[in-house]
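Here is a short note to read alongside the structure.

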Amino acid sequence: MANTSALRSQSGVAANILIIIFFFSFVLFVVCDANYSFRYIDVGSYGSSSDSVFGHSDFGQMLLNNTLDLPDNTTLPGTTSPAMPFVFVGDEAFALGEHLMRPYSSRGLSIARRVFNYRLTRERRVVECAFCILANKWRFLHTPIHLKLETAISAVKAACVLHNFVRERDGYNFEDSLSHSLESHLPSVVRGHRQGVAVREHFTAYFMSPHGALPWQLEAI
Ligand SMILES: *[C@@H]1O[C@H](CO)[C@@H](O)[C@H](O)[C@H]1NC(C)=O
Ligand SMILES: *[C@@H]1O[C@H](CO)[C@@H](O)[C@H](O)[C@H]1NC(C)=O
């Protein structure tokens, strides 16, 4: 199911976004593109250990062993160097990696780091919206699913496929996304933490530069 072509969003950060959703007896891990379509899903039961969800998925393993066919490094809009890697955006539950950005977590952050966190959160809303659209169209996802585990997993997969089909046919309807609740959780360590630190610093500086800044970002943090 993996389609890893990273799409560029307006801000220049590749808008492929990760989320892990916990249902009652299984988990759904999705990678979403900037058009609220799912590019990868993994649904299954991994016991109670949330940090194994990401690590057990083919996607997580391929990110770990660097075999995802990601586009080459490229410069950010308005800049001529350096060439930056394409990145996925996750929340605090994910570990920083060369191709996986997560928010800064310490307290007392500088303005630049708070802006980075704001920009990352803004990107991440796409996947949260995608999940609301999914759950609001296929409302059984809001409730305990009274099916055998295997059947329930098939139903969730089918809903995800239909979600992409409807996205293509109907486009995006804002009202679809108005109510939602979800939880996301821990993956295992991702390759390239050290490079990840450098990549995140670079995005942080870029978001404060004239080419990378949004006019309202300082009011939003
Ligand atoms: C990387 O992980 C994928 C998914 O588990 C696996 O199919 C592939 O063989 C692995 N490649 C290497 C080079 O380890
Ligand atoms: C892409 O950029 C990252 C971060 O600067 C760097 O670690 C990596 O080696 C680069 N990859 C290539 C193929 O140049």
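1. How many helices and strands does the chain have? There are 6 helices and 5 strands in the chain. Please keep in mind that this is a predicted model.

2. The order of these elements can be followed along the sequence. The pattern reads β-β-β-α-α-β-β-α-α-α-α.

3. Two figures describe the chain as a whole. The chain has 221 residues, and 37% of them count as buried. Among contacts with a separation of 6 or more, 67% are between residues 24 or more positions apart.

4. Helix α3 covers residues 111–137 and helix α4 covers residues 149–170. Where these two helices pack, their axes are 10 Å apart and the angle is about 105 degrees. Angles from 65 to 115 degrees count as roughly perpendicular, so α3 is roughly perpendicular to α4.

5. Which residues of α3 and α4 meet? On the α3 side they are Ile 133, Leu 134 and Lys 137. On the α4 side they are Ala 159, Cys 160, His 163 and Val 166. Sorted by class, the contact of α3 with α4 has 5 nonpolar residues, 1 polar and 1 charged.

6. Helix α3 also crosses helix α5, which covers residues 193–207. The axes of α3 and α5 come within 9 Å, and the crossing angle is roughly 95 degrees. These two helices are therefore roughly perpendicular to each other as well.

7. In the contact between α3 and α5, helix α3 supplies Ala 112, Arg 113, Val 115, Phe 116 and Arg 119. Helix α5 supplies Phe 203, Thr 204 and Phe 207. By class, the contact of α3 with α5 has 5 nonpolar, 1 polar and 2 charged residues.

8. Which residues surround ligand 1? They are Asp 58, Gln 61, Met 62, Asn 65 and Thr 67. This shell around ligand 1 divides into 3 polar residues, 1 nonpolar and 1 charged.

9. Ligand 2 has its own set of residues around it: Asn 73, Pro 85, Glu 98, Gln 195, Ala 198 and Val 199. By class, the shell around ligand 2 holds 3 nonpolar, 2 polar and 1 charged. Gln 195, Ala 198 and Val 199 from this shell carry numbers that fall in the range of α5, residues 193–207.

Definitions and conventions. Residues numbered from 1 in each chain as written. Chains lettered and ligands numbered in written order. Predicted model: local features only at pLDDT ≥ 70, side-chain atom pairs only at ≥ 80, totals over all residues. Near = placed C-beta within 6 Å. Nonpolar A, V, L, I, M, F, W, Y, C, P; charged D, E, K, R; others polar. Axes fitted to C-alpha atoms, helices over the stretch in contact; angles between N-to-C directions. Helix = DSSP H or I, 4+ residues; strand = E, 2+ residues; numbered from the N terminus. Parallel < 35°, antiparallel > 145°, perpendicular 65-115°, else oblique. Contact = placed C-beta atoms within 7 Å. Buried ≥ 20, exposed ≤ 12 C-beta atoms within 10 Å, placed from the backbone.
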